[in-house]
Amino acid sequence: MLETSARLLRLLSLLQATREWTGPQLADRLGVSTRTVRKDVERLRELGYPVNAQPGAAGGYRLGAGARMPPLLLDDEEAVAIVVGLRTATGGLEESSLRALTKLEHVLPSRLRHRVTTLQAATVAAPDHRAPVDPGVLTTIAAACRDHERLRFDYQRHDGTTTRRDAEPHRLVHARGRWYLVAWDTARTDWRTYRVDRLTPRTPNGPRFTPREAPHPDLATYVTDGVNTAYQRIRATIRLHGPAEHFTDHLAPGWGTLEAVDEHSCLFHTATDSLDLLALYLGMLRTDFDVVTPPELTHHLHTLGNRYLRAAADPAPWNWG
């Protein structure tokens, strides 16, 4: 049985590596008869691998695309390339990509871990305005979420001080270019959202726990709303000259909410930490509007408007000397 299983894995690896093999070629590589190759192909089909066969002397076997993703066999170079690629792109990874990285790192042999670490250390990425996130921290947190293990970590607060936390990790959420951990804080007995770039895990993890019901059915909205409340000190209400349904598809996620008024206007409720950013966003909506609140926004728009008008006026001839 072990010999047969090992041969099936070898056959699968060959089919994944080359587009097409003839029966005699596979038999020669595996050291078996063409009859055994045919039986092994049937076993792979029973396991869900779509192995296509062409009859005749010029025919052969090839691995086709199936209705679901079958397990893949990777050689050392392929495994290293995928892990390094996922680690390099971690800042913008979706949650499904992070799960793939977690699975790969879990089964990566130690010799390949060393190669990945060496290659990563010798790689320089272009500067990013966002705080960097260690891919190893992300995979550690993702594994704790998967295994339902308590996470102990040091956390840097907004004022720069560091505290120790003990939490039951629930999910990682990627929002607005940052990674956040949604977890149940055992000391505060409440749900909390932590920025991963401010989090340093301690080892080992804590004991296993029974998962709790999520604090919100849509964790992306839950995190975005929490970030808005925590960081966006300026709240504004804008009357847009147009019905609410006209702006629904143009409203960026997390920027605010629309309230219908009548068929000719609606109210846009938003929050921000920058009047400049809000003024820019309102201009991008390409519609007339009136500021309901706050008065500071009206004054800021007046200042910007005068600046733009001066820039749009006929410029004086430039003296190049």
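## A hairpin as the point of entry

In the hairpin of E4 and E5, which has two residues between the strands, Arg176 takes a positive phi near 55 degrees; strands, like helices, are DSSP runs numbered from the N terminus, with at least two residues (E) for a strand and at least four (H or I) for a helix. The structure is a predicted model, in which local features need pLDDT of at least 70 and side-chain atom pairs count only at pLDDT 80 or more, while totals for chains, interfaces and linings use all residues. Residues are numbered from 1 along each chain as its sequence is written, and side-chain values use heavy atoms, with hydrogens and water left out.

E4 and E5 run antiparallel and are joined by eight bridges, where two strands are said to pair if DSSP finds at least two bridges between them.

## The protein as a whole

The protein has eleven helices and eleven strands. Of its 321 residues, 34% count as buried, a term that stands for under 20% relative accessible area, with exposed meaning over 50% and partly exposed the range in between (1.4 Å probe, protein chains only). The accessible surface comes to about 20,100 Å², and carbon and sulfur atoms hold 54% of that surface; these areas come from the Shrake-Rupley method with a 1.4 Å probe, and for residues only the protein chains shown count as cover.

Among the contacts in the protein with a separation of 6 or more, 56% are between residues 24 or more positions apart, contact meaning heavy atoms within 4.5 Å.

## The five-stranded sheet

E4 and E5 belong to an open sheet of five strands, which has the order E6-E5-E4-E3-E7 and antiparallel pairing. Its edge strands are E6 (190-195) and E7 (199-201), each of which pairs on one side only. Neighbouring strands of this sheet are turned by 50 degrees against each other on average, direction ignored; axes are lines fitted to C-alpha atoms, for helices over the stretch in contact, and angles run from 0 to 180 degrees between N-to-C directions.

Strand E5 (residues 178-185) pairs with E6 in the antiparallel sense over six bridges; in E6, Tyr194 is the bridge partner of Leu181 and Arg195 is that of Tyr180. E5 is mostly covered, with seven of its eight residues buried. Helix H7 (residues 135-147) lies across strand E3 (151-156), strand E4 (162-175), E5 and E7, and runs at about 85 degrees to E4.

## Aromatic pairs

A search of the whole structure finds five aromatic pairs, the criterion being that rings of Phe, Tyr and Trp (its six-membered ring) have centres within 6.5 Å, with planes under 30 degrees apart counted as stacked, over 60 as edge-to-face and the rest as tilted. One of these pairs is Tyr155 with Tyr194, which is edge-to-face at 5.1 Å centre to centre, with 75 degrees between the planes. Tyr155 lies in strand E3 and Tyr194 in strand E6, so the pair ties together parts that are 39 residues apart in sequence. Tyr155 is buried at a relative accessible area of 8%, and Tyr194 is buried at 1%; together with Phe153, Tyr155 and Tyr194 form one aromatic cluster.

Trp184 and Trp191 also form an edge-to-face pair, 5.7 Å centre to centre and with 85 degrees between the planes. Trp184 is buried, with a relative accessible area of 16%, and Trp191 is buried, with 14%. Arg212 lies over the face of Trp184, at 4.1 Å from the ring centre; a charge sits over a ring if NZ of Lys or CZ of Arg is within 6 Å of the ring centre and within 35 degrees of the ring normal.

## The four-stranded sheet

An open sheet of four strands has the order E9-E10-E8-E11, again with antiparallel pairing. Strand E9 (256-262) and strand E11 (289-293) stand at the edges, each with a single partner strand, so one side of each is left without a neighbour in the sheet. Neighbouring strands here are turned by 25 degrees against each other on average, direction ignored.

Strand E8 (residues 234-240) and E11 pair in the antiparallel sense over four bridges, and Thr237 stands opposite Thr293 in E11. Helix H10 (residues 275-284) packs on the sheet, touching E8, strand E10 (265-272) and E11, and its direction makes about 150 degrees with that of E10. Helix H11 (residues 295-312) lies across E8 and E11, running at about 140 degrees to E11.
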